[in-house]
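Me: I have a structure open and want to learn how to read it. Can we go through it feature by feature?

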Amino acid sequence: MEKPRVVIVGDGVAGAATAFALARRGAAVTVVDAGLVGRATDAGAGIVQPWSTSSDGEFYELYSAGADFYPELIERLAEAGVHEIGYRRSGALVVDRDASGIEEVAQRVRVRAAASRTAGDVRLVDPGAARELFPPLADGYHGLHIAGGARVDGRALRTGLLEAAAAHGATRVEARAELTDDGAVTVDGTALPADAIVVAAGAWTDRVLRPLGVRARVEPQRGQLVHLRVDADTRSWPSVHPVAPHYLVAFDAGRIVAGATRETGSGFDARVTAAGERQVLDDALALAPGLAGASVIETRVGLRPLPEGGLPTVGPVDGRPGIYVNAGFGAGGLTMGPLVGDLLAERVVAECG
């Protein structure tokens, strides 16, 4: 039996994960990406901690399953010769000045953690213990420590997935892919042979799909994140989550990521703005004034693929046999993307066989 030929448009986490999963299952994979500025995968904070979210239903089930998939993903990558994606389970710390507010979160997290393979132990900590876990934290924050909270380096994850896909025979083309109205995919006017096409172009997905007259209903949402460096061993510091949209994520070598803005309506404007950077730093220093002396390394900007209905669009395009979409993960792509790519690959191979 001939290998199914699959072209993937986009090599962010959604496309890269799909490419690896397809190649691992024996498909002949070609990944095409134009390297556009603002790719969300390259800027994402990399938090893998779904259990404290206030979201529920289908979104939460996918979010949680994505976190639980990471150990299996890491094993599969190792089999392909990839051993580092910047993933570490260093814990997560949910904080609030109101002890009753933290207890409310704790009730939700304990139920969810009991059903999770990776959440680990969950315990309340007093303000003193919270500062021991994350020394720059302000006084007076009650905390909930989730042992299995993790982080992943989005750039390292993307690179690792693509390298693993290449180890299974996948090829990459650095160019702009275009769809034709009859459902072919072209590069510089030349059609690429394909039994299936997966559009995983993040915030640009609807632009790619436009010739087909269909939409995934995904729009760009600008997120700005500031990377700081402190003179400390941060490897075991947990990520910090106030009961608010911002956060702090500790990586190795003293790197702390502070984020993030959620600028709906930004369009494809991937600039760092004065207001955005100020908002991120104000939030970070209010939460952790001990970071006031940290060095500012860089500010990254990602255009999140924000879904219109709250859930990603994954699966075949109605009325267009052989064309699939994998997009719309919002801020959850680095958690959900690897699992969803694997599930979609399984479907594509079954339907192309």
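Me: What share of the contacts in the chain between residues at least 6 apart in sequence join residues at least 24 apart?
Reply: First, this is a predicted model. Contact here means heavy atoms within 4.5 Å. Among contacts between residues at least 6 apart in sequence, 74% join residues at least 24 apart.

Me: Which residue can I use as an example of such contacts?
Reply: Take Ala175. Leave aside its neighbours within four places in sequence, and Ala175 is in contact with Val32, Asp33, Ala34 and Val187. Ala175 and Asp282 are 107 residues apart along the chain, and their C-alpha atoms are separated by 39 Å.

Me: Where does Ala175 lie, and is Ala175 buried or exposed?
Reply: Ala175 lies in the loop between β8 and β9. Buried means under 20% relative accessible area. Ala175 has 16%, so it is buried.

Me: What is the secondary structure of the chain?
Reply: Count the elements. The chain has 9 helices and 20 strands.

Me: How does the radius of gyration of the chain relate to that of a compact globule?
Reply: Start from the chain length. For 353 residues, a compact globule would have a radius of gyration near 20 Å. The chain has 20 Å, which agrees. For the spans, look along the principal axes: the C-alpha trace covers about 60 × 40 × 35 Å.

Me: How far apart are the mean positions of the positive and negative charges?
Reply: Compare the two mean positions. The chain has 35 positive and 44 negative charges, and their mean positions are 2 Å apart.

Me: How do I read a sheet? Which strands does β6 join?
Reply: Look for bridges between strands. β6 covers residues 142–146. Strand β4 (residues 92–96) is joined to β6 by 5 bridges, and the two run antiparallel. Strand β5 (residues 122–125) is joined to β6 by 4 bridges, also antiparallel.

Me: Which residues face Gly143 across these pairings?
Reply: Val95 has Gly143 as its bridge partner in β6. Val125 stands opposite Gly143 too.

Me: Why is β6 described as largely enclosed?
Reply: Count its buried residues. Of the 5 residues in β6, 4 are buried, so the strand is largely enclosed by the rest of the structure.

Me: What is the order of strands in the open sheet that includes β10?
Reply: The order is β9-β10-β11, with antiparallel pairing. The edge strands are β9 (177–179) and β11 (190–191), since each pairs on one side only. β10 (residues 185–187) pairs with β11 over 2 bridges. There, Thr186 stands opposite Ala191.

Me: How do I read the two faces of a strand?
Reply: In a regular strand the side chains alternate between the two faces of the sheet.

Me: Which strands join β16, and by how many bridges?
Reply: β13 is joined to β16 by 4 bridges, running antiparallel. In that pairing, His227 has Val257 as its partner. β15 is also joined to β16 by 4 bridges, again antiparallel. Leu248 stands opposite Ala258.

Me: How many residues lie between β15 and β16 in their hairpin?
Reply: There are 4 residues between them. At 58% relative accessibility, Ala253 counts as exposed.

Me: Which peptide bond is cis?
Reply: The bond from Gly259 to Ala260 is cis, with omega near -10 degrees. Ala260 is found in the loop between β16 and β17.

Definitions and conventions. Residues numbered from 1 in each chain as written. Predicted model: local features only at pLDDT ≥ 70, side-chain atom pairs only at ≥ 80, totals over all residues. Heavy atoms only, no water. Rg over C-alpha atoms; globule rule 2.2 N^0.38 Å. Lys, Arg positive; Asp, Glu negative; His and termini not counted. Charge placed at Lys NZ, Arg CZ, Asp CG, Glu CD. Buried < 20%, exposed > 50% of the residue type's maximum accessible area, 1.4 Å probe, protein only. Pairing = 2+ DSSP bridges.
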